[in-house]
Amino acid sequence: MSRIIAGVAGGSRLASVKGQNTRPTTDRVKEALFSRLETYDVVRDAHVLDIFAGSGALGLEAASRGAAAVTLVDRDHAALEACTRNRRTLEKSGVPARIQVVSSSAATYLKRGEGPWDLVFVDPPYAMSEAELKTLLEVMAPSLAGDAVVVVERSTRSLEPEWGTSLRRFGHRTYGETSLWFAEPEA
């Protein structure tokens with residue numbers, strides 16, 4: 001079972017996605033990720049998008065740490081149920097962020113052009129092709145704030161994402177089997 005690590009809801013347990021072949025972000029990876037994001041000063045008061053949200057653990061961690069608004073997007077019914085339960089857990093903990101759960105595919109949601117997003121978590125299924133991920137990142141780029149940070153989580157066996165012409169990578173970290181890629185809008 002995953003938990004919120006820090007912030008207003010620190011220690012709160014999160015429901016997991018039942019019956020799915022998921023790979024939740026470990027607490028170790030989440031702690032390292034948020035330590036880095038707080039160094040970038042991108043979490044507090046941010047508008048956060050968590051696509052392929054699963055249980056919503058990354059977006060909800062941002063909410064607990066001071067994000068202003070969090071949108072959790074997934075199309076899987078079990079994931080949406082977990083996100084909704086976890087949103088209620090954070091609301092009961094007194095997290096002031098506006099948390100929205102959206103039933104949609106990532107591509108369909110991104111085509112709506114909502115935003116601007118200050119922080120985006122992209123944790124697609126490992127089976128997603130590099131070409132599909134590149135297209136998704138290109139569709140996302142116009143909805144980013146000028147100083148946004150995009151975090152892509154992939155298997156260490158995956159290639160570096162192709163960022164297209166609108167995003168540029170500025171960081172990469174590996175934790176066991178997990179690679180985190182950090183990108184920002186191209187100037």
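This is a predicted model: local features need pLDDT of at least 70, side-chain atom pairs count only at pLDDT 80 or more; totals for chains, interfaces and linings use all residues.

Author: Arginine 65 sits in the loop that runs between helix H2 (57-64) and strand S4 (69-74). Because its relative accessibility is 10%, under the 20% limit, arginine 65 counts as buried. Leaving aside residues up to four places away in sequence, arginine 65 touches Ile5, Ala6, Gly7, Phe34, Glu38, Val43 and Arg44.

Helix H3 comes next. Aspartate 76 caps the N-terminal end of H3, with a side-chain oxygen 3.1 Å from the backbone nitrogen of alanine 78. The 16 residues of H3 (residues 77-92) should span 22 Å at 1.5 Å a residue, and the end C-alpha atoms are 23 Å apart, which agrees. Buried residues of H3 include Ala78, Leu80, Cys83, Asn86 and Leu90. The buried residues of this helix pack against strand S2 (13-14), H2, S4 and strand S5 (98-103). After H3 comes glycine 94, with a positive phi near 90°.

The largest nonpolar core has 32 residues, of which Leu33, Leu37, Leu90, Leu119, Phe121 and Val151 touch the most other members. Among the elements giving two or more residues to this core are helix H1 (27-39), H3 and strand S7 (144-155). H2 supplies the largest share, five residues. Leucine 37 touches Val42, Val43, Leu119, Phe121, Val149, Val151 and Phe182, not counting residues up to four places away in sequence.

Note on methods. Residues are numbered from 1 along each chain as its sequence is written. Side-chain values use heavy atoms; hydrogens and water are left out. Helices (H or I, at least four residues) and strands (E, at least two) are DSSP runs, numbered from the N terminus. Buried means under 20% relative accessible area, exposed over 50%, partly exposed in between (1.4 Å probe, protein chains only). Contact means heavy atoms within 4.5 Å. The expected span of a helix is 1.5 Å times one less than its number of residues. A polar contact is a pair of N or O atoms within 3.5 Å; within protein, one must be able to donate a hydrogen and the other to accept it, and residues adjacent in sequence count only if both atoms are side-chain atoms. A nonpolar core is a set of buried Ala, Val, Leu, Ile, Met, Phe, Trp, Tyr and Cys residues joined through side-chain atoms within 4.5 Å.
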